[in-house]
Amino acid sequence: MRNPIQTTLFLSGLCSTLWGCGSLTEQQQPNEAGKNIADTTTYNITLSADNPYAARVTADTSTLTSFELQPPRSNQRVENKLHPTFYCDDKPIALGTQPRTVSCKQLRWSIFFKPRPELGVNPAAQQNIVSATSSPWWLITEWDSLPRIANVKGTQVCATFGKEQHCKPFPTTDQPPLFMSVGNQLKEYSLGTLDVTLYSELEKEKADELMHKFVEISQYLYEVFPSNDSPSDNDNSWELTWLTKEKSSGHYGGAAGYHSFMANYLQENGQPTAESDAILLRISAHESVHVISRLKLPGWAEESLPQYYAFKALNKLSVDDMTALQFWQQTKEKTPHSQDSLYQAEQQIEENHDMSYFPLVYGKGAAFWNEVDNALQRNGEDLDSYISQLDQQEFREGKLPTAFETSLQNGIGVKAWKKIKSDYLLANSEPVAS
Ligand SMILES: [Zn+2]
């Protein structure tokens, strides 16, 4: 029932800022749309090899006498935005950036795909992609492509290619975005009570070998992080998409969505390198923390904690012995602002949107958690058992919660904590309070 609440807040926000309150028509809109609550609606996406760069989407809305159509979510990082035209029983709807109340039996629109780049897909770009080969596959994201119908409790998104069909619940606007792969499905795996479906561009045997390692990694991460999953959450499935990327492209990465993530597998002229397996599993571990964890953290911790646990999980399961601290030692010379503290980075990103601080947050941030964990382990403890203590409102402001700091001091000693805090969190000029 999160969606109706979200919708109400959204509308009241519009009322106060854009439309002026008190207009009878606008006040009635939420109620009018609210009368027609349907249990579910399905968006049917039909993909075809004949026209791989566009797909038709339809939704049966005949059980709704009128409904509010909300524009697709937009992501500022997604370049070359496409604006589909929506048709309500063949009548075009001018859906700009505001919701519209409409009435029709069927909604119809098209979504568009970019060709897979020659050097491989960049997951962080989060675009709709097609690999238009003799065995085509598609990557669908909701950005600028899938609108929402207000007050419909469960919308499903089903993609069909020939005989292959698969459906996913459409996340609500307070959840991560929808990512879906079609056409390159490899295999299903079981992860405790979860079903994990792997979509992959990797060679089959290699993907299977890596997937078995990933299952172990994610089981460990599930033990450490307070999870989003609850018995009332009826979507017990994950979708993983592993995409090859040529090293010469200069970058690789991953992206987490709703119960799903994408990660790159590095290649050189189509062949794996010595570091390809570890990089894929490290990105996968990092992204899966985003999917698993329900902790609400400030930016610096939101990225540094998954990054540290990606290293730790691979170390623990003997996949790779590079530690987060070693990685930071190797990379800090070329990391911008490497002398700045994590709290300074947080401030620069939050207040000035200075994204040049991001590498520092990942590198120095992961090294910070590594130092804390090492100190705890020297005292017979482990950071794993401290993670749930980070779940505090105070932390969302940016700095570690006082109770967490006190707890750490008890675990590693005041002097050791002061040193780590001064090395990583505080600006050089800032004295460490006793
Ligand atoms: Zn991340």
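Which residue is the bridge partner of valine 157 in β13? In this predicted model, the partner is lysine 168. The report below starts with the chain as a whole and then returns to that pair of strands.

## The chain as a whole

The chain has 434 residues, and buried residues make up 50% of them. Its secondary structure comes to 10 helices and 20 strands.

Among the contacts with a separation of 6 or more, 64% are between residues 24 or more positions apart. The chain exposes about 20,500 Å², and carbon and sulfur atoms supply 48% of that area.

## Strands β1, β12 and β13

Strand β12 (residues 154–161) pairs with β1 and also with β13. Strand β1 (residues 40–47) runs parallel to β12, and eight bridges join the two. Within this pairing, threonine 46 has threonine 160 of β12 as its bridge partner.

With strand β13 (residues 164–169), β12 runs antiparallel, joined by six bridges. The pair of valine 157 and lysine 168 is one of the bridge pairings involving β13. β12 and β13 form a hairpin with two residues between them. Glycine 162 lies in the turn and has a positive phi of about 60°.

## The zinc site

Three residues coordinate the zinc ion: His286 through NE2, His290 through NE2 and Glu303 through OE, at 2.0 to 2.1 Å. The spacing of these donor residues in sequence is H-x3-H-x12-E. Histidine 290 belongs to helix α4 (residues 276–292) and glutamate 303 to helix α5 (residues 299–316), so this pair ties together parts that are 13 residues apart in sequence.

Is glutamate 303 buried or exposed? Its relative accessibility is 14%, and buried means under 20%, so glutamate 303 counts as buried.

## Salt bridges

The structure holds 18 salt bridges. Side chains of opposite charge can pair when their charged atoms come close. One of the bridges links arginine 108 and aspartate 90, at 2.9 Å from N to O. Arginine 108 lies in strand β7 (residues 106–112) and aspartate 90 in the loop between β4 (86–88) and β5 (91–93), so the pair ties together parts that are 18 residues apart in sequence. Aspartate 90 is exposed, with a relative accessible area of 57%.

Another bridge joins glutamate 209 and lysine 206, at 3.5 Å from N to O. Both residues lie in helix α3 (residues 204–224), three residues apart, about one turn of the helix. An α-helix has 3.6 residues a turn, so residues three or four places apart point the same way. Glutamate 209 is partly exposed, at 36% relative accessible area, and lysine 206 also counts as partly exposed, at 21%.

## Helices α5 and α8

Lysine 312 and aspartate 373 form a salt bridge whose closest N and O atoms are 2.6 Å apart. Lysine 312 lies in helix α5 and aspartate 373 in helix α8, so the pair ties together parts that are 61 residues apart in sequence. Lysine 312 is buried, with a relative accessible area of 8%, and aspartate 373 counts as buried at 0%.

Helix α8 (residues 358–378) has 21 residues. From its first C-alpha to its last, α8 reaches 30 Å, close to the 30 Å expected at 1.5 Å a residue. After α8 comes glycine 380, whose phi is positive, near 75°.

How values were computed:
Residues are numbered from 1 along each chain as its sequence is written. This is a predicted model: local features need pLDDT of at least 70, side-chain atom pairs count only at pLDDT 80 or more; totals for chains, interfaces and linings use all residues. Side-chain values use heavy atoms; hydrogens and water are left out. Donors are N, O and S atoms within 2.8 Å of the metal (3.2 Å for Na, K and Ca); water is not among the atoms, so sites may look incomplete. Helices (H or I, at least four residues) and strands (E, at least two) are DSSP runs, numbered from the N terminus. Buried means under 20% relative accessible area, exposed over 50%, partly exposed in between (1.4 Å probe, protein chains only). The expected span of a helix is 1.5 Å times one less than its number of residues. A salt bridge is a side-chain nitrogen of Lys or Arg within 4 Å of a carboxyl oxygen of Asp or Glu. Contact means heavy atoms within 4.5 Å. Accessible areas come from the Shrake-Rupley method with a 1.4 Å probe; for residues, only the protein chains shown count as cover. Two strands pair if DSSP finds at least two bridges between them.
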